[in-house]
Amino acid sequence: MAAACNNLTSLALTILTAFLLGSSSFETCSARDQTKHSIQSSTAHEPSLQGRKLSKFTSYAYSGAPEEMATSSAIFNVLSYGAKGDGRTDDTKAFEAAWVAACKIEGATMVVPSGSVFLVGPISFSGPTCQPNILFQLDGKIIAPTNSGAWGSGILQWLEFSKLKGLTLTGKGIIDGQGSVWWHDAPSSYGNMPGTKPTALRFYGSSGVTVAGITIQNSQQTHLKFDDCTAVQVSDFTASSPGDSPNTDGIHLQNSQDVTIHSSTLACGDDCISIQTGCSNIDVHNVNCDNTKACVSKITVRDVTMHDTMTGVRIKTWQGGSGLVQQVTFSNIQVNDVKSPIVIDQYYCEKSSCHNESSAVQVSNIAYVNIRGTYTEQPAHFACSDILPCTGISLSTVALKPVQSARQPFCWEAYGELKTATDPPINCLQRGMPPNAKSHPYSDSCQN
């Protein structure tokens with residue numbers, strides 16, 4: 001399941017419906033240079049607050065004891081709580097203390113200043129007793145421990161924000177999972193790492209979440225995950241890991257609604273964006289996906305460019321699953337040297353062999369609009385279920401050119417219409433609805 005970085009083969013934007021027990025989650029990434037950020041202030045570590053009004057604060061200086069700071073301003077710098085920022089000292093307790101103080105004040109700002117590297121172990125910045133609208137200003141660099149003892153028997157996430165309202169995580173900083181010690185089975189000089197690889201950054205049970213400007217690189221597994229969240233905005237986000245890093249999806253969504261992802265760069269070892277069960281009203285646009293990967297409904301993926309990936313826009317579901325994927329629109333997608341630009345795969349299997357199953361996830365009302373570029377193997381591949389064929393597939397303004405000798409489009413139990421002529425012709429798509437079409441037995445359970 002390795003995805004391509006640069007010229008390596010990769011998986012692309014995929015909607016993954018994983019309904020079987022034991023199915024795993026997926027994530028991605030991309031890199032950029034850290035931009036140092038500084039402003040004139042009363043101390044060298046004063047944060048940029050990016051236009052937030054500070055008139056209500058009586059003092060901006062980091063002076064006095066942490067307890068005094070809480071009464072004189074709402075800015076909480078981790079250096080004032082004992083963090084060393086030398087990249088060697090464990091600063092986890094300092095981060096915990098700064099969070100506890102910031103958590104008590106609505107609209108508080110917790111600062112991770114530029115110019116320092118903070119070694120932080122697994123930590124949860126938790127509510128629900130926290131006040132709303134906390135700003136986590138990340139301008140420095142946070143790195144994960146690489147010794148096995150820091151992780152115990154295995155942890156599902158490294159950095160977590162849980163049960164919060166109106167949280168903003170922003171800045172020019174970097175979160176580095178130092179994941180190379182997790183990516184290979186052979187023992188490393190750091191000792192055997194646990195079999196469970198953590199997600200680098202997870203948001204759980206939160207609403208009104210904004211992530212902007214930051215970079216996550218070299219994640220142990222998924223880079224950025226939203227689980228059971230609503231009203232999420234992600235912009236100017238970068239995720240980056242090597243193309244051979246396993247399961248390092250860029251952004252993973254599950255049980256989340258009203259999510260917008262835009263103006264971001266994702267390039268790593270697996271899917272750029274993966275969407276699992278329980279997601280709806282997802283808008284993805286202006287995303288640079290250099291490498292890539294559920295009742296799922298009302299999904300829009302638009303204005304995306306993909307280079308040298310294994311697949312382009314893909315919907316894949318497990319055999320034996322249940323549920324729906326419906327009302328999905330892929331529009332304004334540019335593909336360059338992509339192996340298979342358009343894919344629906346109802347026979348997805350991670351194992352070396354899988355048994356045929358009688359149940360399936362229903363896929364319906366999937367629109368492809370303005371899909372252009374070049375491919376290396378097959379322009380379109382629709383492999384749909386014998387029991388529940390794909391219905392309502394529509395294609396318009398599809399223009400895909402082979403860069404070498406390639407296979408013809410493939411369709412199996414796929415029904416819909418060509419709203420305009422396609423290049424190459426996708427004449428295998430069957431018109432209308434399948435004979436003896438049945439209503440989906442799981443449709444009621446998928447209503448949001």
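**Cavity lining, aromatic pairs and local backbone features**

In this predicted model, the lining of the largest cavity comprises 11 nonpolar residues, with no polar and no charged residues. The volume of this cavity is about 60 Å³. Its lining is formed by Phe95, Val120, Phe125, Phe136, Leu138, Ile142, Leu159, Phe161, Leu169, Ile175 and Leu201. Two elements, β7 (135–138) and β9 (157–162), each give two or more residues to the lining of the largest cavity.

Aromatic pairs were searched for over the whole structure, and 11 were found. A pair of aromatic rings is described by the distance of the centres and the angle of the planes. For Phe161 and Phe203, the ring centres are 5.3 Å apart and the planes are at 15°, so this pair is stacked. The two residues come from distant parts of the chain, with Phe161 in strand β9 and Phe203 in strand β12 (residues 199–204), 42 residues apart. Phe161 and Phe203 are both buried. Phe203 also pairs with Phe226: the centres of these rings are 5.2 Å apart and their planes are at 15°, so this pair too is stacked. Here again distant parts of the chain are linked, since Phe203 belongs to strand β12 and Phe226 to strand β15 (residues 224–227), 23 residues apart. Phe226 is buried, as is Phe203. Through ring pairs, Trp99, Phe125, Phe136, Phe161, Phe203 and Phe226 are linked into a cluster. Among the members of this cluster, Phe125, Phe136 and Phe161 also line the largest cavity.

The largest nonpolar core contains 97 residues. In soluble globular proteins, nonpolar side chains tend to be buried together. Within this core, the residues that touch the most other members are Phe95, Phe203, Phe226, Tyr368 and Phe382. The element that gives the most to the core is helix α2 (residues 92–103), with 7 residues. Phe95 is also among the residues that line the largest cavity. For Phe382, when neighbours within four places in sequence are left aside, the contacts are Ile342, Ile344, Tyr368, Ile393, Leu395, Phe410, Cys411, Trp412, Ala414 and Ile426. One of these contacts, Tyr368, is itself listed with Phe382 among the core residues that touch the most other members.

Cis peptide bonds were assigned at two prolines, Pro128 and Pro424. The bond between Gly127 and Pro128 is cis, with omega of about 5°. Pro128 is located in the loop between β6 (123–126) and β7. The bond between Asp423 and Pro424 is likewise cis, with omega of about 0°, and Pro424 lies in the loop between β30 (414–418) and β31 (430–431). Pro424 has a relative accessible area of 12% and is therefore buried, the limit being under 20%. Not counting residues up to four places away in sequence, Pro424 touches Tyr375, Pro379, Leu400 and Pro409. The C-alpha atom of Pro424 is separated by 7.0 Å from that of Ala399, 25 residues apart along the chain.

Positive phi angles occur at two residues that are not glycine, Asp258 and Asn365. In Asp258, phi is about 60°. Asp258 is part of strand β19 (residues 257–267), and its relative accessibility of 40% makes it partly exposed. In Asn365, phi is about 55°. Asn365 is part of strand β26 (residues 362–375). With a relative accessible area of 42%, Asn365 is also partly exposed.

Two further loop positions, Cys268 and Gly250, were examined. Cys268 is found in the loop between β19 and β20 (273–275). Its relative accessibility is 0%, so Cys268 counts as buried. The C-alpha atoms of Cys268 and Asn247 are 8.9 Å apart, while the two residues are 21 residues apart along the chain. Gly250 lies in the loop between β17 (238–240) and β18 (251–254). Gly250 likewise counts as buried, at 0% relative accessibility.

Key
Residues are numbered from 1 along each chain as its sequence is written. This is a predicted model: local features need pLDDT of at least 70, side-chain atom pairs count only at pLDDT 80 or more; totals for chains, interfaces and linings use all residues. Side-chain values use heavy atoms; hydrogens and water are left out. On a 1 Å grid over the protein atoms alone, a cavity is a set of points where a 1.4 Å probe fits but cannot get out, and a pocket is an open set with protein on both sides within 12 Å along at least five of seven lines; lining residues have an atom within 4 Å of a point. Grid points are joined across faces, edges and corners, and a volume is the space filled by probe spheres set on the points. Helices (H or I, at least four residues) and strands (E, at least two) are DSSP runs, numbered from the N terminus. Ala, Val, Leu, Ile, Met, Phe, Trp, Tyr, Cys and Pro count as nonpolar, Asp, Glu, Lys and Arg as charged, and the others, Gly among them, as polar. Rings of Phe, Tyr and Trp (its six-membered ring) pair if their centres lie within 6.5 Å; planes under 30 degrees apart count as stacked, over 60 as edge-to-face and the rest as tilted. Buried means under 20% relative accessible area, exposed over 50%, partly exposed in between (1.4 Å probe, protein chains only). A nonpolar core is a set of buried Ala, Val, Leu, Ile, Met, Phe, Trp, Tyr and Cys residues joined through side-chain atoms within 4.5 Å. Contact means heavy atoms within 4.5 Å.
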